[in-house]
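Subject: Structure handover

Hello,

Here is the structure I promised to pass on. Please open it first, then read my notes below.

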Amino acid sequence: MPEYSLREMMILAAAREIRDEDIVFCGTGMSMIAAMAAKHINAPHSIIFFETGGIDSQLLELPFSVGDPRVMVGTSINAGLAESFGILQNPFTGPKVVGIFGAAQIDRYGNLNTTCIGDYWRPKARFPGCGGACDAASYAGRTIIFMQQEKRKFVERVDYLSTPGWILGPGGREEAGLPEGGPTMVITDMGVMRFDEESKEMYIHSTYPGIRPQQIQEQMEIEIDVSRAMEEKPPTEEELALLRERIDPQRLII
Amino acid sequence: MQSPPRVAGQSIMNVDDKVMDLSKAIHRFVHDGDHVSIGGFTITRNPMALAYEIIRQGKKNLHVYVHSHGQAFDLLIGAGCTDAIELSYGGTARFSPGGGIRFKKAIEGGKIRFEDYTNFQMTLRFMAGSMGLPFMPIRSLRETDVFKKWGFDEKLRKKNARIPPKKMAMVDNPFARDGREEKIVLVPAINPDVTIIHVQQVDRQGTVRIKGLTYTDVEQAKAAKYLIVSCEELVDTEVIRENPDQNQIPFFMVDAVVLVPYGAHPTACYGYYDYDPLHFNLYKEMAPDDGTFRQYLDEYVFGVKSHEEYLEKIGKDRLSQIRADPRLGYRPGLDRR
């Protein structure tokens, strides 16, 4: 088995979830490299677009931000925010979109906090804010979430609900006036969580090689179903070679 | 070159020349207490030269509007020019992990009033303002704290006529049928006193050509009473009107045109230069501490009289290192660590 980092495992776990027919809405950082990896490995026809207005970006180099000039090259069109959020809110195109982004806190229904820890008006810690993730998660057909596996990040109630997941469970999105869709996958540095079809609650879907489900549970404040956990397939030589040589040769993210 | 067609008797050359220097543009169109919107996105096309000049002129109590903003926003907050911000994202991505350094510090320290929106909401708010509408509808975001938690309380909203009485509203959809989409969220328009943007090309009259992504610059520009545009290049009117389908803002909406090459440094300007990783890393080092942040301002903002002097400080070598490849629009292989 080749040697790999947990970041590489996370990126590939997300890439494997992207399908050839997907339109991928990318956040900053890990999301971008996962979308690029999918295009090189398993979903060559997937379309990458950014909230900033770059539609079908070719990404010859890894961008640092969704506003990076690197997202403007070889696109189908270069537009602006109104165009991209229009694609998401549009009932014909929105459901084809898979959103990928990270968060600081998550609850069992996949609701996210990217705004602050503690009181909103006088927070203990302030983060950048919801940006376009809230809009994307509201309208996209499905979403993939990157998290660091830490106890304080998997909580019963997020301090600030920046981005909606399944809201309060079954029927939650419908009641909130949101289209179908919702989070399907949470990828951490220890494994992959998914959401139960019925209850919409998070459960452990797979653990990375050498990690036990109970170890993941210990890194969460919420208690979730660990009984269905399988082992995630480790990265292959080919996947790693692409990631290291083609996608992130400067090791900016991996 | 052949002149573009025009109606006989109407010359496009007799409109006011709007070109002025940096200091005059800010002096004339930005005043203490103004509501200011800033164009650009995180690490690209921030109107840095304009922001530096606002700081140099010591403007105070600005009410600032952005969607996802980075360096200019962070500096204006850090330098104490603004006491209220409306935003969706504050940060320069990898160059400020966890959020814009001075932005984060100001909020955590209770030094500034702030209100959060989503990127789409901010875009729709500028769009409403640009079209003279009081609001724009957006498909539900009502189960989020973005909807539920107001940054500005009712008292302040009552007292300050420039802030809408409500952050947002949920209303009945008058076109609802069969119980579907019965409610819709409305976000209020923004009409800033002044918008500042940095673009690639403008002519002396003010016709604007943005290359690459426009972000929400066009809506922000049109929503404002006054518009200051700084640019990499001044282009002849005949030339910019040769390909008008590449232009975004008509000249009569522009109040000041300021020629400032590298006017977005250290952020990127597509087709001209990349972002400057070394300068961003320097800022990352100096911005967290009040003392070193002050040193940063003294050196790069107060210590220079003009943007030319600022660029001399950055150095010719550095500027040539980030110069864009004309085909790609950025600098391929730039060391970005």
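This is a predicted model: local features need pLDDT of at least 70, side-chain atom pairs count only at pLDDT 80 or more; totals for chains, interfaces and linings use all residues.

Residues are numbered from 1 along each chain as its sequence is written, and chains are lettered from A and ligands numbered from 1 in the order in which they are written.

**Chain contact**

Chain B gives 53 residues to the contact and chain A gives 47. Two residues are in contact if their C-beta atoms, placed from the backbone, lie within 7 Å. On the side of chain B that touches chain A, the elements giving two or more residues are strand 5 (89-90), helix 4 (101-108), helix 5 (119-130), helix 6 (145-148) and helix 8 (217-223) of chain B. Helix 5 of chain B has the largest share, four residues. By class, this side of chain B has 18 nonpolar, 20 polar and 15 charged residues. Nonpolar means Ala, Val, Leu, Ile, Met, Phe, Trp, Tyr, Cys and Pro; charged means Asp, Glu, Lys and Arg; the others, Gly among them, are polar. Helices (H or I, at least four residues) and strands (E, at least two) are DSSP runs, numbered from the N terminus.

**Helix 1 of chain A**

Helix 1 of chain A covers residues 6-17. Its 12 residues should span 16 Å at 1.5 Å a residue, and its end C-alpha atoms are 17 Å apart, which agrees. The expected span is 1.5 Å times one less than the number of residues. Nine of the 12 residues are buried, including Met9(A), Leu12(A) and Glu17(A). Buried means 20 or more other C-beta atoms within 10 Å of a residue's own, exposed means 12 or fewer, and partly exposed lies in between; C-beta atoms are placed from the backbone.

Helix 2 (30-41) of chain A is one of the elements that these buried residues pack against. The axes of helix 1 and helix 2 of chain A are 8 Å apart, at an angle of about 60°. Axes are lines fitted to C-alpha atoms, for helices over the stretch in contact, and angles run from 0 to 180 degrees between N-to-C directions. The two helices are therefore oblique to each other. Angles under 35 degrees count as roughly parallel, over 145 as roughly antiparallel, 65 to 115 as roughly perpendicular and the rest as oblique. The crossing of helix 1 and helix 2 of chain A is right-handed. By class, their contact has 11 nonpolar, no polar and no charged residues.

**Helices 3 and 4 of chain B**

The axes of helix 3 (residues 71-78) and helix 4 of chain B come within 7 Å and cross at roughly 45°. This pair is therefore oblique too.

**Backbone details**

Most residues other than glycine have a negative phi, and most peptide bonds are trans. Asp56(A) has a positive phi, near 65°. Asp56(A) is partly exposed, with 14 other C-beta atoms within 10 Å. Phi of Lys200(A) is also positive, near 65°. Lys200(A) is buried, with 21 other C-beta atoms within 10 Å. In chain B, a cis peptide bond joins His265(B) and Pro266(B), with omega about 10°. Pro266(B) sits in the loop between strand 13 (256-259) and helix 10 (277-286) of chain B.

Best wishes

Conventions. A crossing is left-handed if the near helix is turned anticlockwise from the far one by less than a right angle, and right-handed if clockwise.
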